Amino acid sequence: MHRFFPLPLFSFYKMVRKNGGIDPSKLKNTPPWLLKIILFEPIRWIELALYDQKISQHQIEKSPLFILGYYRSGTSYLHQCLVQDNRFGYHSNYQMVLPEIMLSTEKKLLPIFELICRIFKLKDSVHRVPLSFRFPGEEDATMTTYLDEKGAQWGYFFPGMMNEQFSKYVLFENITKSELEAWKDSFVYLLKKFP
């Protein structure tokens, strides 16, 4: 799989066009995405040049542990408990929001993001706690923030496709073999990036 192309801005445009535009209630969330896509594109290319081969060759030695459950059922709390044990790795909210540049920017940008969260007393609207980019992130959202069309959370911007995305990329129903293999390739690539 060639990871330099398509360009993220083109991928986002393709999703918008395919879905007849962005849901009006989600338009306020579009500028940060567009800013992220445009601002960090040169860094994405540098990160791919520096790390893509290493990531592709990396072997995951231990089987991952997946926490599955319905919304508001305690999965995030369980996740928080498990990551207290240093034998478990996880990816952070920072890595979830900026997966395409996390390896080359996290040490410098994470403290700045944390400072902004503290100064402005930002809240995590989903988990109803103070926002921290150090907290564990969610892998299904990471594929969407990576602008992968196989991300399960695209329904957030495009409610009309929520059922199809959920069916294919969460339940793995009504999915072709080639779509499943492409999803696995994308998901495993992301897993290999996490420490």
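Tutor: Before we start, helix axes here are lines fitted to C-alpha atoms over the stretch in contact, and angles run from 0 to 180 degrees between N-to-C directions. This is a predicted model in which local features need pLDDT of at least 70 and side-chain atom pairs count only at pLDDT 80 or more, while totals for chains, interfaces and linings use all residues. Residues are numbered from 1 along each chain as its sequence is written, and side-chain values use heavy atoms, with hydrogens and water left out.

Student: Okay, so at what angle do the axes of α3 and α9 cross?

Tutor: The axes of helix α3, residues 41–57, and α9 come within 10 Å and cross at roughly 105°, and α3 and α9 are therefore roughly perpendicular to each other, a label for angles of 65 to 115 degrees. Helices are DSSP runs of H or I with at least four residues, numbered from the N terminus.

Student: Which residues make that contact?

Tutor: From α3 there are Glu47, Leu48, Asp52, Ile55 and Ser56, and from α9 there are Tyr189, Lys192 and Lys193, where contact means heavy atoms within 4.5 Å. By class, the contact of α3 with α9 has three nonpolar, one polar and four charged residues; Asp, Glu, Lys and Arg count as charged, Ala, Val, Leu, Ile, Met, Phe, Trp, Tyr, Cys and Pro as nonpolar, and the others, Gly among them, as polar.

Student: Staying in α3, is arginine 44 buried or exposed?

Tutor: Arginine 44, which has its place in helix α3, counts as buried at 8% relative accessibility. Buried means under 20% relative accessible area, exposed over 50%, and partly exposed in between, using a 1.4 Å probe and protein chains only.

Student: And what does arginine 44 touch?

Tutor: Leaving aside residues up to four places away in sequence, arginine 44 touches several residues, including Phe4, Leu7 and Glu100. Leucine 7 lies in the segment before α1 and counts as partly exposed, at 36% relative accessibility.

Student: New topic: which residues of α8 are buried?

Tutor: In helix α8, residues 162–169, the buried ones are Gln165, Ser167, Lys168 and Tyr169. They cover an arc of only 165° around the axis, which puts them on the same side of α8, the arc being that of the directions from the helix axis to the C-beta atoms. The buried residues of α8 pack against α9, residues 177–193.

Student: Last one, how many disulfides are there?

Tutor: There are zero disulfides in the structure, a disulfide being a pair of cysteine sulfur atoms within 2.5 Å. Cysteine 81 is partly exposed, with a relative accessible area of 36%, whereas cysteine 117 is buried, with a relative accessible area of 4%.

Definitions and conventions. Helices (H or I, at least four residues) and strands (E, at least two) are DSSP runs, numbered from the N terminus. Angles under 35 degrees count as roughly parallel, over 145 as roughly antiparallel, 65 to 115 as roughly perpendicular and the rest as oblique.
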